[in-house]
Amino acid sequence: MFVLDYFPTMSIYIKQSKRCLGFQLLAIVFLMIMDETEAVDAGNFKRCDQSAFCQRQRNFKPEISPYVTNIDSLRKIDNSHFALDITNTQNNKAFVLDLFALEDSTLRLKINEAQPIAERYEVPNTIEDVKAQNMIAVPNLKNGSIVFHLGDNTNIQAVISCSPFRLDIYDEKEPVFSVNSRNLMHIEHLRQKPVPKPHEEKTKPEEPENPDEEQAEQGENEEEDKQEEQEPQEEEKEESDPDDQPGMWEETFKTHTDSKPRGPESIGLDTSFVNFAHVYGIPEHADKMALKSTVGSEPYRLYNLDVFEYELDSRAALYGSIPFMIGHNSKRTVGLLWLNAAETWVDVDSTEDNKGVLGTLFGYFAGEEAVPEVNVHWMSESGVIDVYFMLGRNPADVMRQYTKLTGTSYMPPMWATTYHQSRWNYKDEQDVKTVDAGFDEHDIPYDCLWLDIEHTDGKRYFTWDTLKFPDPVQMQNALAAKGRKMVTIIDPHIKVDTNYHIYREAQNKGYFIKNKDGSEFKGWCWPGDSAYLDLTLPEVRDWWASQFVPEVYKGSTLNLFTWNDMNEPSVFNGPEITMHKDIIHGAGWEHRHVHNLYGILLQMSTVKGQLARSQGNERPFVLSRAFYIGTQKYGAIWTGDNTAEWGHLAASVPMLLSIGLCGIAHSGADVGGFFKNPDPEMLSRWYQAAAYQPFFRAHAHIDTSRREPWLYDDKYRDIIRAAIRERYELLPYWYTLFFQAHKSGEPPMRPLWYEFPADVSTFDKDDSHMVGTALLVQPVSKPNTQVTSVYLPGATGWFDVKTYQYYPSPNTVSISTPLDKIAVLQRGGTIVPRKMRVRRCSALMTHDPYTLFVAVSPQGTAVGQLYMDDGHTFGFQNLKYNYKNLLFQNNVLISKSANPDASWDSDAWLERVVFMGVSRPTKIEMTVDGQVHPLEFSYESTTRVLTVRKPGVKMQKDWSIAIQ
Amino acid sequence: MEPSQRHVRLMGGRSNPFQTLFALFITALFFMFFQASILKNLQRQQQMLINSGSEVHNKGKYSHLGQMAVAPPEIARSVHPKFAQKLMKEIGMKVNGTLLRGVKKEHRKYYVPSKEGTFTCLSGNQTVAWISVNNDYCDCADGSDEPGTSACHNGKFYCEPERHFLPSSRVNDGICDCCDGSDEWKGVTVPPDLELPVSEGVQLAPCSDTCRDYDHMKLREHNILKEAASLKPLYIEKGLGHGGENYGPNGEFYFLTKKCYVFKSPGYMYELCPYANATQNGKDSWLIGTGGKLEGNVEDGYNLVMGDGKGDHCPQGKKRTTIIAFTCGVEDKVKYVSEKETCVYGVKFDTPAACPDLETIELT
């Protein structure tokens, strides 16, 4: 692609246009108009100083907050809900504050305009039905504050100070959150657009709603009041109004002008994490896991964008946005959700200044050493202030609280947790057949083969290129007959072509997003001119869902699943490669209000379609590139178009950790890197790393060389095969972790501090991670790494899963990592289930036997769990599963059903138990159903590993094994 | 390379009677060897068998032992009744609980218990109890104690009628990989709730014997191979004086320089002139390769790499390259062309020039 080299800014438009000369010409013409002097990323995408509202919010730094409330306005709405009036004393705008007490140590703060001239956007479909808890309010007239006590969590108090408004949340009398303590709260009220005519209706909504309150404030705010009351001098006021700043009513970026019909409506709020030095979350950024101070640099940006060849160490926006942040210190973990779907910028200011929040906090910590705090400034283009505070207190509590609010992870079908083979593109049925056969010939397991956009008839999704794929049903069946699956790509841009049934039908029904003038919005994407479905409308989502039954999606079978790409949405010729913000969606909202929701709505509708085609029996699988709060309910995501560079391999760990901390259990990065060609060493290391990441898929750009593992020297092929087999061996453990994520929101891939919350040295660690509670993994992300220095936290020691070598901890150790090995260690005190018989795909392993790896702690104990079900239906919701608690103590290993009512019948049996860190026994006996049988064993005294042979018991039974 | 071409040999008729005889002989041999020690070992064996997991063949004999909780107490419930019957018959034949499933005939001499009742792993550096052989638990580091089960990750199951090894992961996985179904001796089926579709070329357990078809196919392939190979001398003759690296050791590929070959694929017409040029003709015409460099050998196959085609629109300064993979066939024919990656075209090309020498085929 010659243009790529000379015109990098345009390369995204034309990376697919090789055979489409007309489109290419258009692209080149368009390219000439564009500013070529700027770098690829920075040029196409906004900085804060190129975003008017970000600038306005960032520049809002009053000495003292103009927002005040008063105790008299306190109203009890119900047992868990109080309301207060808030006034902006600069312009007398009235606001309503709602404070809700929710179950499980969670508080919600909402602030909206009291009487906006138009409704302000509130995010739908995102927060689950959560229970409330009782709350009582105790006003303190003396210091002008109100203390709120929670009924169920009596250690938690929320204190609202009235003048200026401020909210502090305490746990056990220690401040945890502080809101508006930095005076950054700023809500741009909706207003009429100023016109040259001086006299119009504009001031009507500005009339004081509460005359009493208005008077009460007058003394303190004479200046503002004066301004406010000079209604006749409208025009003069417009000019002097500090709120009337450039970019409020129109904004131009590059060639695109945003007309902003509603004018300014941004919101800003500071929320301090008091006594915290570390905050995490707010994906998606190609950056470190621990959020960095943004003082003097760019804020973190949340705005779903299709970024071509994204750069590392950047706070720039990527494909997904989750405005959820976690604060963690050695004794507490807390969470904060900023519920908003519009473009959002987040400033993070870490400080040790005790004169900050605490200095103003009634003498808290007075005289103590400086206390760390992280001040977070949330800035969104529209919406209302809607913040959820989760008080933890440990990491698992926060994840439970967050996923109660936003939903827990979907339960993936077993095959989706295995290895996936993808490429842009497997060319035709012969290619698919050859690749499938290659895996079998080289005895490399895989479960799913993916087809990218080239499988379609001219990028018309739900169709096939019938020349290359004349019999897609037969093709799918050939793979499915062995238990394998296929995935096709289905994107939300619809080729403008009245002969294309999807376009025709959606057009007839009026389901596409429209321009301001009511005409159909058309943007460029893979097919050229494309229309975009208005997924904000339920009827459009239902219609989309109805396209997935095999009778409608011709050539599909029940073994075909879906990949939703480009759903930010990607619009090649749109501002920042996405949709114009002033486009109006069906329900009347502009795109700016709903932008970050678009992707999740597509995934949600696709899931619905897959459910419908099996009458709700089979678990769906949908991979999405864009994501948002709650994406975990619907499926998996991946980190988009990464690059075959060591840095991108390393970055996959912090990126996936951040995503996991925001509830998404099933996430991964393209193995090998999407762009460019990995050398075989890098590819081998990538496989080794990704085998321990939740979503494990190899994928590559169409311009890269073929990468099927057997195309490399045998040495590399064998390493790649070993890495994939390791994943398959560990499937019982992964599947258990996915079940736990489904039940309680715990991310399968998690940072070290999640498991060792008191160990300060883990708080910044993002070159290693945990898989569940038991395994610590540190990928190799540099060439020629023979030795890896690994920090091992905790006091229970670690065992190398390959050599069984024992490492006492806490300690930093050097672990040999030649090309065929990375550092994977099992924590003392844990039990990991594996299946050591790896078949060609997971379906064929259903009834295979288990091996339990028991890493005994210095105290002689170990715990673990094992979850089993049929792997693909919803039977588990009707107790068709086995969930075993595994416990080793007093030299007895016990397996006991966590829920004795649940049962799924399986022939799977216990093949072997490997105890690490035990002495040589004299006798081993197993007890099942009251009968005692002796068991054979072998013992390796150098590693202190005891292997118990063939207990043979059915895995679903309760049993015990005693070591004497 | 087509995998089937790696196993070109003339298949004899079905050898079941011989197999049975041989198996009986071996069984009798074991019986003699072990008669004396059976009683002594019985107690221990019983214990082992209690714990022996899913080896079905133990169960007929020892089902009276207390194994209510031990899995699976009987033949897996998913076994087809017809198959189960066959299985029981087979079990009835066995002595000492050991069946030499998956052992290549020529290797059976190694699968003989020592006087001490042990088996020496094929690697030679490990000795395990004889009862460990094919008891569905991996004892030998080289996997050689479990040729007939899936217990060893590195084990190999010998598919006798097809004369090749299967990885042990194919044993009892529910898919028939050996034409006589011997790899699915347990009759384990894939979970029926998966409702796997039927597809040509994939047979699910319980398996039927398809060795006749397999033999026919192999015979046909062999005959084609022989026919094709018999044409090779013609190519060598034509290439006289061109022997050496670029036209094959005997110049057999030189003849291909004399002609161009056309292939129609969906959307494109390819014209391939080996060693000269290759073009893709559609809406536009592209030179997709010129010249040619021969790589490989007769065992692994020959590739003709035709590089230096037109570079327009190719990534990173790449130039179009066509790689012709030659396979042995009776006529010079392009079988398949695909742009396997951007600007790299893969061609499958049949020619007698790529055939092994006729004599080497007769030998196998």
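I number residues from 1 along each chain as its sequence is written, and chains are lettered from A and ligands numbered from 1 in the order in which they are written. In this predicted model, local features need pLDDT of at least 70, side-chain atom pairs count only at pLDDT 80 or more, and totals for chains, interfaces and linings use all residues, while side-chain values use heavy atoms, with hydrogens and water left out.

**Entry 1: the two chains**

I looked up chain A. I find 20 helices and 51 strands there. Helices (H or I, at least four residues) and strands (E, at least two) are DSSP runs, numbered from the N terminus. Chain A has 964 residues, and 68% of them count as buried. Buried means under 20% relative accessible area, exposed over 50%, and partly exposed in between (1.4 Å probe, protein chains only). I took contacts at a separation of 6 or more in chain A; residues 24 or more positions apart account for 72% of them. Contact means heavy atoms within 4.5 Å. The accessible surface of chain A is about 31200 Å², with 50% on carbon and sulfur atoms. Accessible areas come from the Shrake-Rupley method with a 1.4 Å probe; for residues, only the protein chains shown count as cover.

I then looked up chain B. It has five helices and 15 strands. Of its 364 residues, 50% count as buried. Among its contacts between residues at least 6 apart in sequence, 43% join residues at least 24 apart. The accessible surface of chain B comes to about 17500 Å², and 55% of that belongs to carbon and sulfur atoms.

**Entry 2: the A/B interface**

I counted who takes part. Chain A gives 63 residues to the contact and chain B gives 61. Together the chains bury about 5300 Å², 47% of it on carbon and sulfur atoms. Buried area is the accessible area (1.4 Å probe) that two parts lose on being put together, summed over both. Which three residues supply more of the area that chain A buries against chain B than any other three? They are Arg840(A), Arg949(A) and Lys950(A), with 13%.

**Entry 3: helix α17 of chain A**

I checked the cover on α17(A). Ten of its eleven residues are buried, so this helix is largely enclosed by the rest of the structure. The buried residues include Met682(A), Arg685(A), Trp686(A) and Ala689(A). The cover includes β22, α16 (646-661), β32 (696-698) and α18 of chain A.

I followed up α18. The axes of α17 (residues 680-690) and α18 (residues 714-729) of chain A come within 8 Å and cross at roughly 10 degrees. That makes α17(A) roughly parallel to α18(A). Angles under 35 degrees count as roughly parallel, over 145 as roughly antiparallel, 65 to 115 as roughly perpendicular and the rest as oblique. Axes are lines fitted to C-alpha atoms, for helices over the stretch in contact, and angles run from 0 to 180 degrees between N-to-C directions. From α17(A), the residues that meet α18(A) include Leu683(A), Tyr687(A) and Ala690(A). On the α18(A) side, Ile720(A), Ile724(A) and Arg727(A) are among them. By class, this contact has nine nonpolar, two polar and two charged residues. Ala, Val, Leu, Ile, Met, Phe, Trp, Tyr, Cys and Pro count as nonpolar, Asp, Glu, Lys and Arg as charged, and the others, Gly among them, as polar.

Most residues other than glycine have a negative phi, and most peptide bonds are trans. I looked for exceptions. A cis peptide bond joins Trp424(A) and Asn425(A), with omega about 15 degrees. Asn425(A) sits in the loop between β22 (419-421) and α10 (429-441) of chain A. The bond from Glu568(A) to Pro569(A) is also cis, with omega near 0 degrees. Pro569(A) is in the loop between β28 (560-564) and α14 (591-594).

Lys676(A) has a positive phi of about 65 degrees. It is in the loop between β31 (667-668) and α17 of chain A, and it is partly exposed at 43% relative accessibility. Tyr275(B) has a positive phi of about 70 degrees. Its place is the loop between β8 (268-273) and β9 (277-281) of chain B. Tyr275(B) counts as buried, at 12%.

**Entry 4: a loop residue**

Is Ser80(A) buried or exposed? Ser80(A) counts as buried, at 9% relative accessibility. It lies in the loop between β2 (75-78) and β3 (81-88) of chain A. Beyond its neighbours within four places in sequence, its contacts include Leu99(A), Phe100(A) and Met135(A).
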